[in-house]
Amino acid sequence: MADPNLTWTAVTSPGAQAWTALRELVRRGPGPDTERTGAVPLPAGVAEADALERSIGHEERAVVDARALLAVLELRAGQDAAFRAGLEAWWRSEGRAAEDERARRTGEGDVHNTIEGGTQRNVVMGRDFHGPMNFH
């Protein structure tokens, strides 16, 4: 389940809404069926999320902080069924959004252009044009 790239995408501008949703999930208290083992309290992930936010712009630090947050999320999901369900719902929703954004940015996907009927003169077909275009 853990993907540091998805977590980093969520923190940066295109994923601000996803990050907000994850932060809200992390801030919720433990569910009633949380499995408590030992006297050590279950980390919520708030401190790790805060650290990740502070590391934006510092790629190496952000990778370390993203991994720390992911470790806490996985630990908490393993012991709190309500949190796990919320995290899985967030993951499905935001994972699809991240894939759609990646496809849009990288030009992944199929393009099918069709010209039918009659005689056409100037036709330009393509996908993901960037920069100035001049036709003479």
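1. Along the sequence the protein reads α-α-α-α-α, with 5 helices and 0 strands. Helices (H or I, at least four residues) and strands (E, at least two) are DSSP runs numbered from the N terminus.

2. This is a predicted model, in which local features need pLDDT of at least 70 and side-chain atom pairs count only at pLDDT 80 or more, while totals for chains, interfaces and linings use all residues. Residues are numbered from 1 along each chain as its sequence is written, and side-chain values use heavy atoms, with hydrogens and water left out.

3. Of the 136 residues in the protein, 29% are buried. Buried means under 20% relative accessible area, exposed means over 50%, and partly exposed covers what lies in between (1.4 Å probe, protein chains only). The protein exposes about 9,400 Å², and carbon and sulfur atoms supply 50% of that area. Accessible areas come from the Shrake-Rupley method with a 1.4 Å probe; for residues, only the protein chains shown count as cover.

4. Among contacts with a separation of 6 or more, 62% are between residues 24 or more positions apart. A contact here means heavy atoms within 4.5 Å.

5. The structure holds 3 salt bridges. The term requires a side-chain nitrogen of Lys or Arg within 4 Å of a carboxyl oxygen of Asp or Glu. As background, side chains of opposite charge can pair when their charged atoms come close.

6. Arg 23 forms a salt bridge with Asp 50, with the closest N and O atoms 2.6 Å apart. This pair links distant parts of the chain: Arg 23 is in helix H2 (residues 16-27) and Asp 50 in helix H3 (residues 46-54), 27 residues apart. Arg 23 is buried at 4% relative accessible area, whereas Asp 50 is partly exposed at 26%.

7. Arg 23 also forms a salt bridge with Glu 53, the closest N and O atoms being 3.3 Å apart. Again the pair links distant parts of the chain, Glu 53 in helix H3 and Arg 23 in helix H2, 30 residues apart. Glu 53 is partly exposed, at 36% relative accessibility.

8. Arg 61 and Asp 65 meet through their side chains in a salt bridge, at 2.7 Å from N to O. Both are in helix H4 (residues 59-79), and because they are 4 residues apart, about one helical turn separates them. Arg 61 is partly exposed at 46% relative accessibility, while Asp 65 is buried at 6%. Elsewhere, salt bridges that share partners join Arg 23, Asp 50 and Glu 53 into one network.

9. A search of the whole structure finds 1 aromatic pair. The ring centres of Trp 90 and Trp 91 are 6.1 Å apart and the planes are at 50°, so the pair is tilted. Rings of Phe, Tyr and Trp (its six-membered ring) pair if their centres lie within 6.5 Å; planes under 30 degrees apart count as stacked, over 60 as edge-to-face and the rest as tilted. Trp 90 is buried, with a relative accessible area of 7%, and Trp 91 is partly exposed at 22%.

10. Arg 76 lies over the face of Phe 83, 4.0 Å from the ring centre. The criterion for a charge over a ring is NZ of Lys or CZ of Arg within 6 Å of the ring centre and within 35 degrees of the ring normal.
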